[in-house]
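I opened my notebook to jot down what I looked up today. Here goes, one entry at a time.

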Amino acid sequence: MIEQRIHSDLSERVKNKQAKVGIVGLGYVGLPLGVYFASNGYEVLGFDIKCERVNLINQGKSYIRDAKGSELSRLVKSGKISATWDYEKVRECDVIQICVPTPVNINKEPDVSYIVGTTEEISKRLRKGQLIILKSTTFPKTTESVVLPILERSGLRVGRDFFLAFSPERIDPGNEQFTIDNTPTVVGGVTPQCTKLAVLLYKNAGSKVVAVSSARVAELTKLLENTFRNVNIALMNELAQLCERMHINIWEAIDAASTKPFGFMPFYPGPGVGGHCIPIDPYYLSWKAREYDFHTSFIELSAKVNENMPYYVVNKIVESLSNAGVCPGKAKVLVLGIAFKKDVDDLRDSPALKIIEILEGKVGKVFYNDPYIKSTVVNNKKYTSTPIDNLTLNSQLSTHDSSTGSDGRSTIHDFDCVLIATGHSVYDYKKIVKNANLVVDARNATKNLKGGNIVKLGC
Ligand SMILES: NC(=O)c1ccc[n+]([C@@H]2O[C@H](COP(=O)([O-])OP(=O)(O)OC[C@H]3O[C@@H](n4cnc5c(N)ncnc54)[C@H](O)[C@@H]3O)[C@@H](O)[C@H]2O)c1
């Protein structure tokens, strides 16, 4: 049968690593994925609409910390990976993995326009014997109800002429313990043949694979993981506020609870949630749920708690300044760490940005320092990372404090309050506490330090 032949031809190409793997969208997910496939023997062709990204890749230069520059450079030199903005070349690919953004709009509704746009481009060039895998996080049934109809406009049929699956990306940028190499890949195809091919691809690349019965189960798996995280962080954020009222240290209680070898896993309070996943993905599920007359109360409740945290932290700063005898309206406040989590350079949806925005109306002047983020814009106002003396442990990463000297440049003591919004490992917290007038610590970065000038969230 002809469809059997198409399937077995592609299987053979995948098995022999002759299949050319296209990756559409070369960001935090797509570029490390491309490097992973190229390192594991496949020829990879990346697609991106940003010409500067395409040029950098072709020069072997990485702009994503999780895709090591040395490895990328080696793979480019050996012809294993290259990039293009020319969609015509999707015809050359046997496998195409879609890794484009899936944001929410201003009303927190899913915006799948990147998926739709990309799929339309692929559909115009779809040929027999291609395997398309959607990796972007999205609501259940996107693969079957959004992607599939667009691809079938080509006149080709899924399971017969081409194959389609969903496989969520589960990487945690900046996490060196769990990477793309040792995190199992979940796969659900639109037909059993589609699942088989996608499983074969990831297994052959070296992944441990978990096959599920459908694309919609795979889509839900990803939303389940991130909603679980969002809800548990919200629980800790609520308990942190209770603990403050009761004068109990929540961090100590979490550490103690974590010693239980079963039935508990730690989550931590903080100034809110950020990044392209945790604050966004649950809304994809709650939006879809409404189509079924269903209201996801846990998601709404967590959003309420988590999105209130930046306001809560700002109130804490204002209150702490007043308690220290400083007029908040005249105070200089330094926000330390503005990336959405420690040791990454990703600023998307970072709660620190919201904190800066709220602080602007409440204190005298707001500054920030982040070794990974040189400048940013909040509410149309440009901020540049303030160089500060003696701030970091690692001189290589202290690009923003290396140029500092003593002549009129900042020291930590120059600020009325230092907010630890993101606990980057590179900061020297001992020195910070020793020299600061007031430290508001939203991350427990000062865990083992003592000082009358520390005000900690959740204590
Ligand atoms: N960042 C994470 O930690 C993470 C983890 C797991 C899953 N995800 C999911 O993976 C998807 C991608 O996220 P990301 O963080 O890599 O996004 P990103 O913004 O870092 O990268 C997306 C890339 O796609 C490119 N792009 C946009 N439209 C395109 C088009 N039409 N054709 C080709 N390229 C196009 C952009 O230029 C960009 O380089 C999202 O659905 C996200 O939810 C992200």
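**Domains**

I started with how the chain divides: the domain assignment gives domain 1 as 2-213 and domain 2 as 229-456. I kept in mind that this is a predicted model.

Next I checked how far apart the two domains sit. Their centres, taken over C-alpha atoms, are separated by 35 Å. I then looked at where they meet, and found 13 residues of domain 1 in contact with 13 residues of domain 2. On the domain 1 side of that meeting place I got 7 nonpolar, 3 polar and 3 charged residues.

**Cores**

Which residues touch the most other members of the largest nonpolar core? I got V333, V335, C417, V418, L419, A421 and V439, out of 65 residues in that core. Helix α11 (residues 297-323) supplies the largest share of this core, with 8 residues.

Leaving out residues up to four places away in sequence, V333 touches I317, L359, V363, V366, F415, D416, C417 and L419. Apart from this core I noted another one, of 61 residues, with L26, V29, A83 and A211 among them.

**Ligand**

How many residues surround the ligand? I wrote down 26, and the closest are G25, G27, Y28, V29 and S136.

Definitions and conventions: Residues numbered from 1 in each chain as written. Predicted model: local features only at pLDDT ≥ 70, side-chain atom pairs only at ≥ 80, totals over all residues. Core = buried A, V, L, I, M, F, W, Y, C linked by C-beta atoms within 7 Å. Buried ≥ 20, exposed ≤ 12 C-beta atoms within 10 Å, placed from the backbone. Helix = DSSP H or I, 4+ residues; strand = E, 2+ residues; numbered from the N terminus. Contact = placed C-beta atoms within 7 Å. Domains from an automatic or database assignment. Nonpolar A, V, L, I, M, F, W, Y, C, P; charged D, E, K, R; others polar. Near = placed C-beta within 6 Å.
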